[in-house]
Amino acid sequence: MSSNGQTSADDMLIHVNNLNKWYGDFHVLKDINLHVKKGEKIIICGPSGSGKSTMIRCMNRLEKYQAGEILIDGILLDDNVKNLEAVRKEVAMVFQHFNLFPHMTILDNLTLAPRLVNKMPRKDAEDMAMSYLERVKIPQQANKFPGQLSGGQQQRVAIARALCSNPRVMLFDEPTSALDPEMIKEVLDVMVELAEEGTTMICVTHEMGFAKQVADRVIFMDEGSIIEENTPHEFFDNPQNERTQLFLSQILGH
Amino acid sequence: MSNVAIKPPSQGGIVNWMKENLFSNKLNTVISIICIYFIVKFLVGVVDWGILNAVFAADASACKAASDGACWGIISEKYRFIIFGTYPADEQLRPLIAMVWFVGLIVCSLHRSFWKLWLIPLWVASLIGLGVLMWGGVLGLSYVENTQWGGLPLTLMLSVVGTVAAFPLGILLALGRRSELPLIRVWCVAFIELVRGVPLISVLFMASVMFPLFLPEGVTIDKLLRAQIGIILFTSAYLAEVFRGGLQAVPKGQYEAAAAMGLTYWQTMRVVVMPQALRIVIPPTVNSFISMFKDTSLVLIIGLFDLLATAKVAITDPVWRAFYIEVYIFVAAIYFVFCYSMASYANNLETELRKGEQH
Ligand SMILES: Nc1ncnc2c1ncn2[C@@H]1O[C@H](COP(=O)(O)OP(=O)(O)OP(=O)(O)O)[C@@H](O)[C@H]1O
Ligand SMILES: [Mg+2]
């Protein structure tokens, strides 16, 4: 693996050091520093366009970055293909729009990565997939296609699919913001359970109730920088920065 | 009793339909009557000429006597030549079997339940089998040089092999056009645009006249093969653009989800992108096949005798020269049967796939 032996005895899982990224001339991420321990739950919030998605997408290299470094479980994320393969096995992602594969059954969606990436026999992969479908409470949908499910069910499938690759970190990019209000809770309930089981989670969301319930830390981003970082209690009751205050008054105001 | 399902008042029956659609007001009625008059007159003329006054026996003088009727006698006389060209007369069962086999294979390949991986070895084996059948020279079959091939088997072969072989090539070109490697991208774009920018006739001409100039002396490539390669290359450029449309229709989120779960590029293409893109491109691919099926008639200019060319040769016979209309109708009917069935297939498939995607 990486020669940067940052996997010392400490239980840090993710290091983001002085991360900078540009889209052309647009400086989208500015000197981001973030360190995540095993089992930690991080909530990221901030106004639209502040770079939240871009930042977490750098963590599994859906986006490249130009300066700084990201280490996941001691593996440096750079142009090295081997490292990339290793990191993608450790990091799973849940998207805003689910991104299930519409031409495959739910079960096939779930078993795809275990079978192709981890070379698991089909039978084992299906058993595992069913156990995760039970955890997200929709085992009876296994043989349907994504299009036949409601948005909330699809997002729970997407979470189960992410879990199927046995990740050490789960990234969530606004997992509930494409859902109808009555479906948000069923997805958040699943995520709360995951959090309680000790999964390392980095979640971009504006669900402040969820943040208060599970977060170890809340991070506020604006214009490509981390403006404030605090425990949920401090963050919501006693925000330090005025941009944070403004943001919170806007999203909690109505 | 009020909970009976509400239906529109029933207005079935052909009389009602005609009232509603043909004779709903004065103007409509006048237009309908005029149209019906011409349709009937035309049909009566066709029946008179094509059936009642027609001569079916292969007898040229009887044909000449019946001046206001069709002479299907020329078809009875010439159909074997039109369909099989100069393939030796007592061996024509071979191209017939080859054709039936070929068409059966296509029909199977087009059915969704056959879209499995073993279709590829089946095609390879069939092509070899068909080659043996057509060329012969082994298994007790007499050898038939491919300069003697012609007619419908040739048309079918050029268009089907052209489309089938162009399919994978087109996929590669479409992927190459989207590649992140600039050299590959430039090559693919250049090839696609170059080939699409010239008419098929010049591609065929280049394949047959210019291509041999580039070969080392003494090496010759068969004329038929050159034409086939020309057609494959031509079709692949068109299919590449069709596939590009299909690839673009697959949302970015699908690639991202596949990448995030650690699939490689080729795995992503094979199990995530292509299955979705191919569904979209089957109907336009069939359309491309239809136009290729008709365009193969251009191989005449490089001296190959496809279905249209054999028909033209058939009517050079001085005895039958007067009856070219019947021959063209016959050939048109063959083209029509093939093209129309392909087109209906494409339509059906489109509806079926759309149904499948409705939730
Ligand atoms: N591919 C791209 N090319 C150029 N600019 C981009 C690209 N993707 C994102 N951006 C820009 O980068 C900035 C940050 O985008 P990002 O999606 O990370 O924001 P976000 O915080 O996730 O916002 P939202 O809450 O709306 O999802 C935005 O100004 C956006 O316009
Ligand atoms: Mg975002």
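Author: A residue is called exposed when its relative accessible area is over 50%, buried when it is under 20%, and partly exposed in between. By that rule A:E223, at 52% relative accessibility, counts as exposed in this predicted model. Its partner in a salt bridge is A:R243, with 3.8 Å from N to O. A:E223 belongs to the loop between β9 and β10 (225–230) of chain A, while A:R243 sits in helix α9 (residues 242–253), 20 residues apart. A:R243 has a relative accessible area of 36%, so this residue is partly exposed.

Side chains of opposite charge can pair when their charged atoms come close. In total, the structure holds 20 salt bridges over all chains. Another of them joins the side chains of A:E40 and A:R217, at 3.0 Å from N to O. This pair links distant parts of chain A, 177 residues apart: A:E40 is in the loop between β2 (26–37) and β3 (41–45), and A:R217 is in strand β9 (residues 217–222). A:E40 counts as buried because its relative accessibility is 11%. A:R217 is likewise buried, with a relative accessible area of 15%.

In chain B, the side chains of B:R177 and B:E241 form a salt bridge of 2.7 Å, N to O. B:R177 lies in helix α7 (residues 151–177) and B:E241 in helix α10 (residues 223–248), so the pair ties together parts that are 64 residues apart in sequence. Both B:R177 and B:E241 are buried. Finally, salt bridges that share partners join A:K21, A:R57, A:E63, B:K252 and B:E256 into one network.

Conventions
Residues numbered from 1 in each chain as written. Chains lettered and ligands numbered in written order. Predicted model: local features only at pLDDT ≥ 70, side-chain atom pairs only at ≥ 80, totals over all residues. Heavy atoms only, no water. Salt bridge = Lys/Arg side-chain N within 4 Å of Asp/Glu carboxyl O. Helix = DSSP H or I, 4+ residues; strand = E, 2+ residues; numbered from the N terminus. Buried < 20%, exposed > 50% of the residue type's maximum accessible area, 1.4 Å probe, protein only.
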